[in-house]
Amino acid sequence: AGLTSSAVEMGAKGNLGVELDLDKVPCREEGMTAYEMMLSESQERMLLVAKPGCEARVIEICTKWELDAAIIGQVTDTGRWVVRATPGYDPLGGAAAGVARSPVVVCDLPVDFLTDAAPKYDRPQRDDAALPARRAFDPRTLPAPSSWSELFLAMAGSPNLGSRAWVWRQYDQIVRGGTEVRAGSDAAVVRVPCDKDDQRYEKLLAFSSDCNGRLCELDPFQGAAMAVAEACRNVVCSGAEPIGLTDCLNFGNPERPEIMRQFALAIDGMAAACRALSVPVVSGNVSLYNETDGRAILPTPTVAVVGLVADAGDVLRASFPAAGLSVLLLGDPRGGPLGGSEYVARHTGEVKGPSPAIDLDREVRLQGLCLALARSRPRLLQSAHDISDGGLAIALGECCAAADDPAAMVGARVRLPEGPSDEAREELAEALFGEAPSRIVVSVRPEDAPEVARRAREAGVPCTELGTTGGDRLTLAAAGGALTIDVELGALRDARDRCLEPIVGS
C-alpha cells in the first residue's frame, strides 16, 4: 500500500503521529491524485526518518548514489496520520501547471486506526481432506532405476536442481566491484563501504533466499519452518551470522478454507523457526489469489535472510577448493523420508509421500557449530554447503561442479553413511536423494578432521566422515562398498548448466 503502509507503520512503532505533504513527493507520472500517490506501489523507494538537522547530509548521500530524495513531512506527537495536498497541483509541473500551491488536509486519522486497531480477518480454516491420502503414499514402492548414475545426472540437470546461471547472468553480479561471493554458492557475499567518525571501512553482508513449495504443500507448518532454517543455514554456510529476515508469502485464494489453513500454519511455522534461531522478521509482503482455473499454486512462503560476516577470513564457499581434503557430513547421516522430494516428483509427477520434519533445537546446534568452525583460528573449514533439494547426492554434485571457473572443479570419492546396503534399494534412494533438513557437507584438511569431530561431539551434532576430494569424477559407493554413482565432472557441469534449456531455450 505504498506510502500509506510505510508511514502509518513507522508512526505506530513509535507511538507517534506523522504529517505528509504530497506536493513534495517525487513522482514519475503527471496528474496523480492524492489517493493514487498514497496507494502507489512503485518500487525502489524507501521512507526514512532523519534526525533534526541531519536532513542535508541525508540528501547529500542520496545524491552521491544518484537517488532522488525529498523532505515530504515530519513526525509529530499527535498520534494522528495527517496528509496534505493541493487539489489539482502536479509535483512534476508545480505552479507552472497553472495551479497555485495551497495544500489542504485530504486525510486525518488516528495512526492506530490503520495498524493495531485495524479490523482483523478471522477466515474459516479447514484441513485439506485430500492430504492424508497423499501423505500415505510409500515412495519405497517406486521402481529402482536401471542406472543410479544416469538418474543422478538427469536430476542434477532438472530445472528445479540445476544451475540458475541463465537467470542471474542477466544482471550485474559485481556491482561496483563489491561482490565477494557470487550467486551459485549457498549465499552471495557483498562488501558494503561504510563511514564512521570520518573513517572508511567495509562490512561484509551475506544474502540468501529459499523455499520448498512441495514440502509446504504436504505440511505448511514444517515446510515454512524449514524454509526459514534453510535460508539461515545458507547464510551460516557462507561464514555469516543471520541477523534479519524478509518474506514474500505466496498462496492461493484465502477465501477457500483449505488455503487459509495453509496460510495460517505457514506463518506459525515461520514464527517458530524465527524464535528458535533468534532472527527477526524486519519486512515482507503477501501475494494471495494466485490461482488458474481454480487451481492454486504451491504454498510458497519464500524467505530472504541477510547475515553479517565478522571477519573477511570467515567467508566460505560451497565448492570444494582443492584435492586431498576430507569430506565430512555435519548432522544426521540419514536422508529421511522421500515425501515431497524432487525424487518422488520426478517419478510420479505429483507432490506426495511422508515429508521430513525439522527439529529446531538440532538446527540451532548445527548452525551454531558451523558458524563457530568458520570463525575458528586457525581456520578449520575449507568449504561448507547445506543439503536441501535433491538430498546428499545433489549437494555433493554441487560441491564438485558448481565452481565459478570450470577449471577449478574438484571431484570426490565418497562412501554413503552406514545404513543402506548394496541391495537395499529403498534405503539407498533415501540416502542419496532424501531431503531431510539440518545437514551440512564440509571439507577440511585431514589433520583438522579430528578437531572438527571433537567440536561436533561437544555441540551434540553428529559428524560422519564421507571421503576425500580429488580427481575429475564424483563417485559414491553404498555402505557395502559397491559403486552406486560414477560421473565425470564435465558431464555433470554440462547437465547443470543446461537445466533451463527446456524452458528458455539454448
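Two strands count as paired here if DSSP finds at least two bridges between them. Helices (H or I, at least four residues) and strands (E, at least two) are DSSP runs, numbered from the N terminus. Colleagues, the model before you is predicted: local features need pLDDT of at least 70, side-chain atom pairs count only at pLDDT 80 or more, and totals for chains, interfaces and linings use all residues. Residues are numbered from 1 along each chain as its sequence is written, and side-chain values use heavy atoms, with hydrogens and water left out.

I begin with a sheet. Seven strands, in the order β14-β16-β13-β17-β15-β18-β19, form an open sheet with mixed pairing. β14 (383-386) and β19 (483-488) are the edge strands, each with a single partner, so one side of each is left without a neighbour in the sheet. From one strand to the next, the twist averages 20 degrees. Angles run from 0 to 180 degrees between N-to-C directions, and axes are lines fitted to C-alpha atoms, for helices over the stretch in contact.

Across β14 and β16 lies helix α8 (residues 220-237), at about 170 degrees to β14.

Which element gives the largest share of the lining of the largest cavity? It is α8, with 5 residues. On a 1 Å grid over the protein atoms alone, a cavity is a set of points where a 1.4 Å probe fits but cannot get out; a pocket is an open set with protein on both sides within 12 Å along at least five of seven lines; lining residues have an atom within 4 Å of a point. Grid points are joined across faces, edges and corners, and a volume is the space filled by probe spheres set on the points. By this rule there is 1 cavity of 30 Å³ or more. The largest cavity has a volume of about 110 Å³. It has 13 lining residues, of which L215, M226, E230, S388 and E435 are the closest to its centre. The lining divides into 6 nonpolar, 3 polar and 4 charged residues, where Ala, Val, Leu, Ile, Met, Phe, Trp, Tyr, Cys and Pro count as nonpolar, Asp, Glu, Lys and Arg as charged, and the others, Gly among them, as polar.

The hairpin of β6 and β7 has 2 residues between the strands, and D197 takes a positive phi near 55 degrees. On β12 (residues 300-309), 7 bridges join β7, again antiparallel; L205 is partnered there by L308.

Finally, two contacts. Helices α5 (residues 148-156) and α15 (residues 489-497) pack at about 40 degrees, their axes 7 Å apart. F152, L153 and A156 of α5 make the contact (heavy atoms within 4.5 Å) with A491, L492, A495 and R496 of α15. These residues comprise 6 nonpolar, no polar and 1 charged.
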